[in-house]
Structures are given as structure tokens and as C-alpha cells.
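Reader: I would like to learn how to read the features of a structural model one at a time, with the general idea first and the particular case after it. Could we go through one together?

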Amino acid sequence: MTLQERKPRPIHKIRRLPSPGRILYPPGTKVKFDTVVGELDYAPGPLVRLDVARQLGISGEKLGDTLVKSVNDAVAENEIIALNSQFFSRHAARSSTDGYLALWSKYLGYVYIREPMPVGPREPVAIRAEDLGLNKMQFAANIVAKPGMIAAPGQLLVSGSKKAVAPALCRVTEVALREGYMIITPLFQLTEMTAFIDGVISEIPDADSCVISGMGYRFTGATGYGGEDSGIITPVLAEDRDLTASDLPKELSGIILIARRGITLEALQRLADEGASGLVLGCIDQDTLRSFSRREPLKDLGALMDLPFPILLMQGFGAAMLESTYQEMASLTGRRGAIDGSTQLRAGVIRPELLVPVSEIPFADDGLDHDAEDLPLQEGMRVVLERQPHFGAAAVIVEIDSELRETSAGTRATLARLRLDSGEECVVPLSNCRPI
């Protein structure tokens with residue numbers, strides 16, 4: 001089925017603040033991708049543990065009855081957070097720091113205060129030898145930070161008469177001793193949450209989240225890396241070969257590039273240098289991604305891998321994107337898409353995705369299907385296999401067994417009989433299939 005044959009369907013994106021905050025608009029509000037729809041009350045910092053039950057001389061089970069503050073309430077240093085009055089005596093437990101009451105445990109008797117963190121710069125920061133009045137040899141001798149280290153605000157990074165400290169909670173991403181510089185990346189740059197896609201706020205499930213809805217297309221990948229961004233859909237290579245620097249368009253800033261197969265390291269570095277917003281590939285060579293990110297691709301999925309732009313792999317490793325999928329994306333050239341590299345392959349599976357809205361959510365009488373965001377897998381649907389030995393292969397569902405059957409792994413699952421594009425038939429768990 002081509003994109004022209006497929007009508008736009010409802011797409012929904014849950015936007016959730018990472019810590020307590022507020023949603024700024026009510027349901028029904030029309031928003032653009034860059035509309036700020038939520039704000040954090042604070043950027044979450046380290047937890048401070050207080051043994052309140054012991055201070056009050058009570059058991060942990062009675063802790064909840066003594067608290068005078070609720071979870072997420074602001075507290076000041078030396079402010080009373082719990083009171084125990086009995087037998088004509090009054091005992092108080094006070095906070096040892098400014099922050100917010102994050103949680104408490106009736107089993108341990110502890111109260112945890114979350115200290116707010118200063119919000120750092122939005123971009124990586126370079127600390128150079130010459131900025132500190134040091135030569136490169138002195139700089140190398142005075143460095144006390146290592147690559148990959150997480151540094152708290154004010155933590156020493158370079159010692160000496162002109163020391164350098166972390167401006168905010170950050171990760172040391174690069175230390176170049178010979179060249180005389182260090183790169184640090186702030187971990188909490190944003191206190192605002194944008195809508196991510198054009199649409200309407202359709203629901204506010206709780207105080208910290210909202211659902212943005214629209215009409216458009218959703219492309220789900222096998223694996224993703226990096227965070228999220230938005231940009232203009234720009235297909236650049238339909239051939240079954242790796243994208244090279246010579247294939248790239250002149251203007252790369254703010255675009256999401258689409259290529260059927262992989263990409264060279266040189267091309268990746270140019271995309272990073274010139275401000276690309278995202279990259280959708282069929283696959284990528286693990287060594288190339290490892291060299292580009294200096295992280296382990298099979299371990300650091302999704303946002304765990306700190307990249308200058310998100311990367312979405314439609315097939316994973318080793319296989320080109322299906323030509324039909326590439327053509328569907330290419331037909332959306334010039335539209336704004338939203339790419340999210342979030343990936344979790346264990347319990348609570350999260351797949352990376354590319355969302356391309358084409359309109360706001362329409363009225364229910366427009367003749368389109370508004371039932372569900374994702375139709376259940378059915379006989380006759382085209383799917384991609386996400387497990388070996390046919391990983392990345394396209395197929396059609398011929399039959400779905402209504403009973404749970406034992407698999408080769410010893411588990412029980414719903415099985416489906418598939419016909420691969422090669423003509424071969426196979427039986428696999430239905431959960432190993434992704435609709436296309």
C-alpha cells in the first residue's frame with residue numbers, strides 16, 4: 001500500500017515533564033511544534049536523605065501521620081517537615097537543605113529532599129587551556145576530570161591557580177590533552193517542554209503531562225539513538241548504498257535526512273557540524289556509529305547516547321530500508337517532521353519514531369478512521385520482522401493463531417504464519433512483527 005493509498009490517520013504524542021511542573025494550556029488549544037506547553041518548577045538535582053523516623057523516635061509505619069509537608073511541596077533549610085506530639089512532648093524534624101519533598105518510605109523511615117539544580121547552558125561548553133592562562137602541558141597536568149564523568153555544579157574540573165568548575169550538572173564528554181581542551185555537556189538544559197508536533201492539546205492526564213493530537217503519518221523504527229528534534233523532511237538517497245558526504249545537499253541546517261541504507265563517518269560529522277535536525281536510515285555500521293559517538297551502540301540505546309541529532313534505524317543493523325517505506329517518506333518532502341530516538345527493548349518496549357503531521361485533528365464526521373492510533377495486527381497486513389533469523393525482512397500476515405502456543409524459547413505467545421517477500425513462509429510470535 002502506498003502513501004497515496006493510505007489516508008492520514010490520527011497521531012498522538014504524550015508530552016511528559018521529567019519532574020513536577022505545570023501544563024500551560026487547557027484541552028482544545030491549537031499548538032505548533034515549538035509552542036511551549038509545559039514548564040518545570042525546577043530542574044531535579046540530587047536526593048538528600050533524612051532519617052526522620054529516628055529523629056522523632058517513631059517507627060517508619062507512623063511516619064506518614066507526622067509529615068506536615070506533602071510530596072512535591074517546597075521546603076526551606078531548617079523548615080519543619082514532620083512533627084510528633086505525645087505525652088506532653090513535641091519533637092520536630094527539620095529539612096537540612098532547600099528543595100522539594102520528593103518521597104518518603106514507611107519501611108525505612110526516611111524522607112528524601114530533592115535539591116533543585118541550577119539550569120546550565122543549552123549547548124556543550126568548551127574549557128580551553130588558553131582561557132585559563134595555561135599552556136597545554138600545564139592544562140594536561142591539572143585536569144581532574146575523566147571522559148564520561150558526571151560532575152555536580154561547582155565540582156572541580158581543572159585545578160590550579162585559575163581553576164575551572166562545572167557550571168551545572170553535566171557530563172564530561174571529551175578530554176583532549178594534546179590539543180588542550182575539554183568538552184562538557186549540561187544534563188539539564190531545559191526547563192520548558194514544547195509540543196513537538198503541530199496539533200491540538202487533546203487531553204491532560206495529570207498535572208505533568210498532556211497529549212498532542214493531529215492527523216498525519218507515523219513511521220516506527222527498529223532502533224534509535226539520541227533525543228528528539230523536528231525538521232523538514234528531506235530524502236537524499238534512494239539507492240541501496242551508504243550515504244556519503246558528496247551526496248549531502250548544500251543546506252543541512254534544520255532538516256531531517258532520509259536515506260535507504262547507511263552513512264559514512266565523514267557524512268555524519270558534516271551533518272553534526274552544519275546543524276542537521278535528524279537522520280533516518282535503513283541501517284548503520286556499528287563501527288561508524290561507535291566512532292561518531294564514542295559509545296557502545298548495542299548498549300547505549302536511545303537518549304543514553306548523547307548525539308548532536310537523533311538517528312532512527314528502520315531495519316536496525318545490516319539491511320536497507322524497504323523501498324516502499326522510503327518512497328512513502330519521500331512523498332512527504334518539505335513537510336515538517338518530528339523525530340524521536342527513544343528506544344527501550346526490554347519490558348515496556350519503546351520504539352523510535354518519525355511523526356509527520358499534515359493537519360490538525362479533524363471532526364468525527366469527516367469519514368476518516370479515528371478509532372485508534374495503531375490498528376492491531378491483522379491477517380493481510382504487511383509487517384517487518386524484528387527478530388532473527390529473518391530480522392528486517394518484509395512479509396504479509398497469512399494467518400494468526402487465536403490460541404497461545406509454546407515458542408522455541410519456551411515461552412507462550414500468539415503465533416502468526418507469514419509469507420516473506422522472497423516467497424518463503426515462516427511462523428513467528430506476533431509480537432516480533434512491526435506493521436509497515
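Predicted model: local features only at pLDDT ≥ 70, side-chain atom pairs only at ≥ 80, totals over all residues.

Reader: What does the C-alpha trace span along its principal axes, and what share of the residues counts as buried?

Author: The C-alpha trace spans about 80 × 60 × 50 Å along the principal axes. Of the 436 residues in the chain, 43% count as buried, and the chain exposes about 22300 Å², of which carbon and sulfur atoms supply 49%. As for contacts between residues at least 6 apart in sequence, 58% join residues at least 24 apart.

Reader: How should I read a nonpolar core, and which residues have the most contacts inside the largest one?

Author: The general idea is that in soluble globular proteins nonpolar side chains tend to be buried together. Here the largest nonpolar core has 25 residues, and those with the most contacts inside it are Leu 257, Ile 263, Leu 268, Leu 271, Leu 279, Leu 281 and Ile 311. At least two residues of this core come from each of strand E21 (228–237), strand E22 (255–259), helix H4 (265–273), strand E23 (278–283), helix H5 (286–293) and strand E24 (311–316). To take one member, Leu 279 touches, among residues beyond four places away in sequence, a list including Ile 256, Leu 257, Leu 268, Phe 309, Ile 311 and Ile 339.

Reader: How many aromatic pairs does the structure hold, and how is such a pair described?

Author: A pair of aromatic rings is described by the distance of the centres and the angle of the planes. The structure holds two aromatic pairs. One is formed by Tyr 110 and Tyr 112, which are edge-to-face, at 6.3 Å centre to centre and with 90 degrees between the planes; both tyrosines are buried. In the other, Phe 292 and Phe 309 are tilted, at 6.0 Å centre to centre and with 35 degrees between the planes. Phe 292 lies in helix H5 and Phe 309 in the loop between H5 and E24, so this pair ties together parts that are 17 residues apart in sequence. Phe 292 and Phe 309 are both buried.

Reader: Turning to the backbone, where does Asn 78 lie, and is Phe 196 buried or exposed?

Author: The background is that most residues other than glycine have a negative phi. Asn 78, although not a glycine, has a positive phi of about 75 degrees; Asn 78 lies in the loop between strand E6 (74–75) and strand E7 (80–86) and is partly exposed, with a relative accessible area of 48%. Phe 196 likewise is not a glycine and has a positive phi, of about 80 degrees. Phe 196 is placed in the loop between strand E17 (192–194) and strand E18 (199–206), but at 5% relative accessibility Phe 196 counts as buried.

Conventions
Residues numbered from 1 in each chain as written. Heavy atoms only, no water. Core = buried A, V, L, I, M, F, W, Y, C linked by side-chain atoms within 4.5 Å. Buried < 20%, exposed > 50% of the residue type's maximum accessible area, 1.4 Å probe, protein only. Helix = DSSP H or I, 4+ residues; strand = E, 2+ residues; numbered from the N terminus. Contact = heavy atoms within 4.5 Å. Phe/Tyr/Trp six-rings, centres within 6.5 Å; stacked < 30°, edge-to-face > 60°. Areas by Shrake-Rupley, 256 points an atom, 1.4 Å probe, with all protein chains shown as cover.
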